[in-house]
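I set out to record what could be looked up in this structure, from the overall fold down to single residues. The entries follow in the order in which I made them.

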Amino acid sequence: MKLILLGAPGAGKGTVAKLLTKIDGSVQISTGDILRAAVAAGTELGKQAEAAMKAGDLVSDELIMGIMRERLKEDDCKNGYLLDGFPRTIPQAEALKELLADMGEKLDTVVDIQVPRETILDRLTTRRTCTGCGEIYNVKSNPPKVEGVCDKCGGSVVQRDDETEEAISNRLDVYNEQTAPLAGFYKNEGMLLEVDATSSDAVIDAIKNKIGM
Ligand code: ADP
Ligand code: ZN
């Protein structure tokens, strides 16, 4: 399947994407994970993205489109992909539309995962992320078996730099201003599936139902 997952930070896009990859071998493509890996590795891309990320601001559309143009051509995309955290602005959505048309590809649907703001704040402040594989934990509801150590890869599980209260609040504002309008964009394209993120399973069922799996 080829999907875009929309939803505020903490809506559960990453969790849903990981569950979906198990259904049909689609690959999860998270621009946030790609950027964090670049920052950790100290590459040129990482250096360009670091300050914006730390503040909870978006990195430039040019930088993101440069990454995605290459990423979507890789072999593992043949079985489908779940776009997690991309597109994030109207210009990115327009550039993606053009890119997919050039590649002769069509998305199955665009899923908007909707969660109340209080739930999001609570989730993000308790969220922890593996620096090795990107696996997501929660100190309250889903801690790793050994504190600070990833069950999957043994990597270290930490609170992200942009998950301080200040950066979170900025990320939610940025989301409302720059990303929320994408729901209208994809509604116009006749591609929007709106789901309540009450549980990841409910989200998965709604997606399967919509794309006939
Ligand atoms: P979130 O939990 O906010 O969804 P992500 O892991 O998707 O976080 O992204 C982390 C940060 O990486 C963002 O706050 C932003 O700085 C940057 N980023 C990720 N994807 C994009 C994108 N498509 N466009 C611009 N910036 C992005
Ligand atoms: Zn891990």
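I took a contact to mean heavy atoms within 4.5 Å. By that criterion, 70% of the chain's contacts with a separation of 6 or more join residues 24 or more positions apart. I note at the outset that the model is predicted.

**Entry 1: overall form.** I counted 9 helices and 8 strands in the chain. Along the principal axes, the C-alpha atoms fill a box of roughly 45 × 40 × 35 Å.

Entry 2: I looked up the accessible surface, which comes to about 10,600 Å². Carbon and sulfur atoms contribute 49% of that area. Of the 213 residues, 47% count as buried. For the charges, I found 26 positive and 35 negative, and their mean positions lie 3 Å apart.

**Entry 3: helix α2.** Which residues of α2 are buried? In this helix, spanning residues 31-41, I listed T31, G32, L35 and A38. They lie on the same side of α2, because the arc they cover around the axis is only 130°. I next asked what the buried residues of α2 pack against. On the face turned away from the buried side, I found the exposed residues A40 and A41. Just after the helix, G42 adopts a positive phi of about 70°.

**Entry 4: E163.** I located E163 in the loop that joins β7 (157-158) to α7 (165-179). Is E163 buried or exposed? Its relative accessibility is 1%, and the cut-off for burial is under 20%, so E163 counts as buried. Leaving aside residues up to four places away in sequence, I found that E163 touches L124, R127, I168 and R171.

**Entry 5: a cis peptide bond.** I examined the peptide bond from F86 to P87 and found it cis, with omega near -5°. P87 belongs to the loop between β3 and α5 (90-103). For context, I recall that most peptide bonds are trans.

Note on methods:
Residues numbered from 1 in each chain as written. Chains lettered and ligands numbered in written order. Predicted model: local features only at pLDDT ≥ 70, side-chain atom pairs only at ≥ 80, totals over all residues. Heavy atoms only, no water. Helix = DSSP H or I, 4+ residues; strand = E, 2+ residues; numbered from the N terminus. Buried < 20%, exposed > 50% of the residue type's maximum accessible area, 1.4 Å probe, protein only. Areas by Shrake-Rupley, 256 points an atom, 1.4 Å probe, with all protein chains shown as cover. Lys, Arg positive; Asp, Glu negative; His and termini not counted. Charge placed at Lys NZ, Arg CZ, Asp CG, Glu CD. Arc of directions from axis to C-beta.
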